[in-house]
Amino acid sequence: MKKKTARSIPSVERVLQALGPTELPRPSTLELVRRRLQDLRENGGDTESFDDLVDSLREEINASHRTRIQAVINGTGVIVHTNLGRAPLGEEAVRAVSEAAANYSTIEYDLARGERGSRAGYLESHLALLCQAEAAMVVNNCAAALILVLQHLTSGERKEVVLSRGELVQIGGGFRIPEILETSGAVLREVGTTNRTDLKDYARAIGKGTAMILRVHRSNFFMEGFVSSPSTDELAALARKKKIPLVEDLGSGAMADTARLASVDHEPTPAEVLKRGVHLVCFSGDKLMGGPQAGIIAGKARLVAALKKEPFYRALRCDKLVLAGLQAVVDSYLRGGDAAVPVLRLIRSSLKELGDRANRLALALEALPMKTTIGDGQSQIGGGSLPRSVLPSITLEMRPLSMSVQELSSRLRRGAVPVITYIAGGRLKVDLRTVFPHQDETLFKEVYRAFGVLVPADTEERLRRSANP
Ligand SMILES: *Cc1c(COP(=O)(O)O)cnc(C)c1O
């Protein structure tokens with residue numbers, strides 16, 4: 001039987017020729033073709049015609065090509081979406097990244113003295129200023145920041161980290177506080193209960209083996225009811241009295257007052273927490289701060305200096321692209337220009353603004369075989385920030401007549417610029433809060449393409465015209 005089918009297996013050359021140029025680099029096309037032919041050889045190859053084989057290979061090649069990292073339109077309404085790359089960078093930060101990327105730069109060079117300089121000294125001192133801290137430093141992400149701090153502070157005789165049972169949390173996929181502690185060589189000393197931990201619980205747990213007190217900001221969930229924990233001030237006073245460091249993992253790292261931006265909860269800022277007497281804080285660069293992926297540590301100069309001397313720090317340090325991007329973001333904040341931070345701009349978009357865009361889009365899409373309506377949405381901050389807070393939003397809602405909503409959703413994901421939507425109440429929804437206004441035209445075109453309808457040549461005019469009917 002093997003013999004019979006082996007004869008009908010085409011050669012690699014013939015298949016490649018029939019495929020012609022593909023989206024994938026040649027070695028990966030070759031690999032896919034080889035693997036498919038091997039499969040046919042093993043499982044019988046005479047069921048499929050040559051053309052079918054080539055077509056299905058072409059589809060496989062395209063599917064593989066679509067798995068590359070690429071830009072998408074985020075219609076989910078989740079502002080800091082970890083699966084979609086968290087915070088998009090603003091123009092200034094993008095320019096800084098691209099300039100640092102394409103040129104030599106002063107990453108570790110002192111222009112005044114013409115010799116080796118400190119790595120990202122300007123960024124560190126300005127981050128410290130922004131956090132109103134004595135000193136600051138940057139590593140790859142907040143997880144790395146926490147590991148570095150834990151490892152340093154528990155590297156001596158004292159290994160115990162005092163932590164409330166209410167803060168033994170899991171942050172995201174594979175990030176569990178107790179496991180991070182273990183990885184760092186720290187010994188967890190749990191205190192209190194899930195819902196209540198008193199200052200006395202902390203005080204009793206502190207002894208000869210205590211290295212530090214850790215606080216983990218409950219960023220991605222929310223507890224209500226019979227709940228209590230000591231205030232930051234009380235805990236800081238205890239830490240001072242016992243002469244041990246108090247460290248807080250803030251997670252989100254909001255620089256602006258979120259409660260003033262929109263009607264959402266207040267997220268503690270690093271400056272506030274440090275003022276209350278916390279020795280070190282760590283937080284992410286790419287959540288509410290709106291920068292590139294980074295972990296920022298800010299607080300006491302003595303501790304930051306010691307952390308920078310840890311040999312392990314070398315393995316956690318950021319590359320020049322991240323540092324250049326973060327430097328631009330920090331500068332924008334210090335200039336009071338948080339309008340340059342897209343995450344904050346999205347949070348602030350008004351319902352009027354979103355409604356106008358939705359109207360324009362819905363009118364412009366009228367020619368397609370679907371029912372397009374405008375609905376109320378609920379955007380989320382996401383990224384494990386402000387779990388209780390939803391932002392009222394506006395959604396573009398589509399009910400196609402010629403296909404299922406699932407099919408439309410899948411076609412939109414397969415477009416030249418994939419559009420990520422969600423389905424609710426039998427409709428396909430695009431939350432316009434997370435779609436940048438400059439993406440409206442692309443969104444329009446992608447919906448047209450999803451229906452297999454030629455994109456009208458006067459797209460721009462259609463979107464404008466509908467604005468003033
Ligand atoms: C998100 C988060 C982290 C992890 O941050 P990364 O920058 O993704 O490593 C750690 N702690 C808290 C409280 C968080 O919310």
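Visitor: What share of the 469 residues in the protein is buried?

Guide: A residue is called buried under 20% relative accessible area, exposed over 50%, and partly exposed in between (1.4 Å probe, protein chains only). Buried residues account for 48% of the 469 in this protein. Please note that this is a predicted model: local features need pLDDT of at least 70, side-chain atom pairs count only at pLDDT 80 or more, and totals for chains, interfaces and linings use all residues. Residues are numbered from 1 along each chain as its sequence is written, and side-chain values use heavy atoms, with hydrogens and water left out.

Visitor: How many helices and strands are there in the protein?

Guide: Helices (H or I, at least four residues) and strands (E, at least two) are DSSP runs, numbered from the N terminus. The protein has 20 helices and 18 strands.

Visitor: Which residues of the largest nonpolar core touch the most other members?

Guide: A nonpolar core is a set of buried Ala, Val, Leu, Ile, Met, Phe, Trp, Tyr and Cys residues joined through side-chain atoms within 4.5 Å. The largest one here has 59 residues, and Leu127, Ile213, Met289, Leu326 and Ile347 touch the most other members. Helix H15 (residues 320–334) supplies the largest share of this core, 7 residues. Another core, of 33 residues, lies apart from it and includes Ala145, Leu146, Val149 and Leu214.

Visitor: With which residues is Ile347 in contact, leaving aside its neighbours within four places in sequence?

Guide: Contact means heavy atoms within 4.5 Å. With those neighbours left aside, Ile347 is in contact with Ile79, Leu261, Ala262, Leu288, Ile381, Leu391 and Arg433.

Visitor: Which residues are around the ligand?

Guide: A residue is near a molecule if one of its heavy atoms lies within 4 Å of it. Around the ligand are Arg86, Asn141, Cys142, Ala143, Ile171, Phe175, His217, Ser219, Asp249, Gly251, Ser284 and Lys287.

Visitor: Where do N or O atoms of Arg86, Ala143 and Lys287 lie relative to the ligand?

Guide: A side-chain N or O atom of Arg86 is 2.9 Å from an oxygen atom of the ligand. For Ala143, a backbone N or O atom lies 2.9 Å from a ligand oxygen atom. In the side chain of Lys287, an N or O atom is 2.8 Å from an oxygen atom of the ligand. Helix H7 (142–153) and strand S11 (246–251) are the elements that give two or more residues to the shell.

Visitor: Is Glu397 buried or exposed?

Guide: Glu397, which is in strand S15 (residues 385–400), counts as buried because its relative accessible area is 5%. Its side chain makes a polar contact of 2.9 Å with the side chain of Thr395 and one of 3.0 Å with the side chain of Arg427. A polar contact is a pair of N or O atoms within 3.5 Å; within protein, one must be able to donate a hydrogen and the other to accept it, and residues adjacent in sequence count only if both atoms are side-chain atoms.
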